[in-house]
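Thanks for making the time this morning.

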Amino acid sequence: MQPPSACACRGCIPWQGILLAVSLLTFWSPHPTAQLTIQPVPVDAAEGTDVLLLVHHASANVVGYTWYKGNITDSRHRIVSYSILTQTATTGTAFSGRETIYPNGSLLFVNVTQEDTGFYTLQTTRNDFSNEVATGEFHVYAEEKTSGLSVGAIAGIVTGVLVGVALVAALGCFLLHTRTGRTSVQHGHRGRHTPASTPGQGSSDGFTSLVSPPPPYTQGTQLCGLRAGALLSHTQHRRPLACWTRTRLA
């Protein structure tokens, strides 16, 4: 067992400072009528951490402390005893080697396990051989205790995920339908403007010719055609006259 003067600081918890403050407070401000109490620090501890059973309102004429595992004072469950007169500690059958008792009666557990969960009883002995008893309790957990999500929160998260998946699927179907409709309309326009092939002019592979028809005649083109026709007619009418004149002269 560690001696009372051993360092009790572990896990950034100033155990020595707390014990010194409690001792000074008890010495300078005694409470004769106050009841002996035990304060676990912390009440809920993670496995592998330290727990301090802090003693409050011990009588000024106390000469000894005895700790027991459980809520009874049974010698078979005695952990450790401390004598203020001799300043010595004596271990019991329930001592595990991880407990340290201090002169003010507080008990420190180092590297707690789940088996340490439960009640602990302190019995003080006064100089008139009268006794006073107090009990404390703490719990130890397999990892750090975290605040888990409630059932409602989990249900809300699952519902949100399902709604998101449904929206994404609906958007994908809408985009696919829109794209398919555009493709169908484009193919329809192409088939409508494709000229039909005439017999004897179709391609040998059976597909309709995609050659565009000749552009329509404009007004200027028609005018040029009329002028050319008139000139040709005038020329044709004058040629017989020339031939007749030659014949007559001959």
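**One aspartate, one leucine, and the chain around them**

Let me start with D116, which has a relative accessible area of 6% and therefore counts as buried, the cut-off being under 20%. Please keep in mind throughout that what you are looking at is a predicted model.

As for where this residue sits, D116 belongs to the loop that runs between β8, residues 107-109, and β9, residues 118-126. If we leave aside residues up to four places away in sequence, D116 touches K69, R98, F138 and V140. With one of these, R98, there is a polar contact from side chain to side chain, at 2.9 Å.

Now let me turn to L162, which is found in helix α2, spanning residues 151-193. Is L162 buried or exposed? Its relative accessibility is 57%, and because the cut-off for exposed is over 50%, L162 counts as exposed. Together with I154 and V158, L162 forms a nonpolar patch on the surface, and the accessible area of these residues together comes to about 280 Å².

Finally, the chain as a whole. The protein chain has 3 helices and 10 strands, and, read from the N terminus, their order is α-β-β-β-β-β-β-β-β-β-β-α-α.

Terms used
Residues are numbered from 1 along each chain as its sequence is written. This is a predicted model: local features need pLDDT of at least 70, side-chain atom pairs count only at pLDDT 80 or more; totals for chains, interfaces and linings use all residues. Side-chain values use heavy atoms; hydrogens and water are left out. Helices (H or I, at least four residues) and strands (E, at least two) are DSSP runs, numbered from the N terminus. Buried means under 20% relative accessible area, exposed over 50%, partly exposed in between (1.4 Å probe, protein chains only). A polar contact is a pair of N or O atoms within 3.5 Å; within protein, one must be able to donate a hydrogen and the other to accept it, and residues adjacent in sequence count only if both atoms are side-chain atoms. Contact means heavy atoms within 4.5 Å. Patches are made of residues with over 30% relative accessible area and no salt bridge: like charges are joined within 9 Å, nonpolar side chains (Val, Leu, Ile, Met, Phe, Trp, Tyr) within 5 Å. Accessible areas come from the Shrake-Rupley method with a 1.4 Å probe; for residues, only the protein chains shown count as cover. A salt bridge is a side-chain nitrogen of Lys or Arg within 4 Å of a carboxyl oxygen of Asp or Glu.
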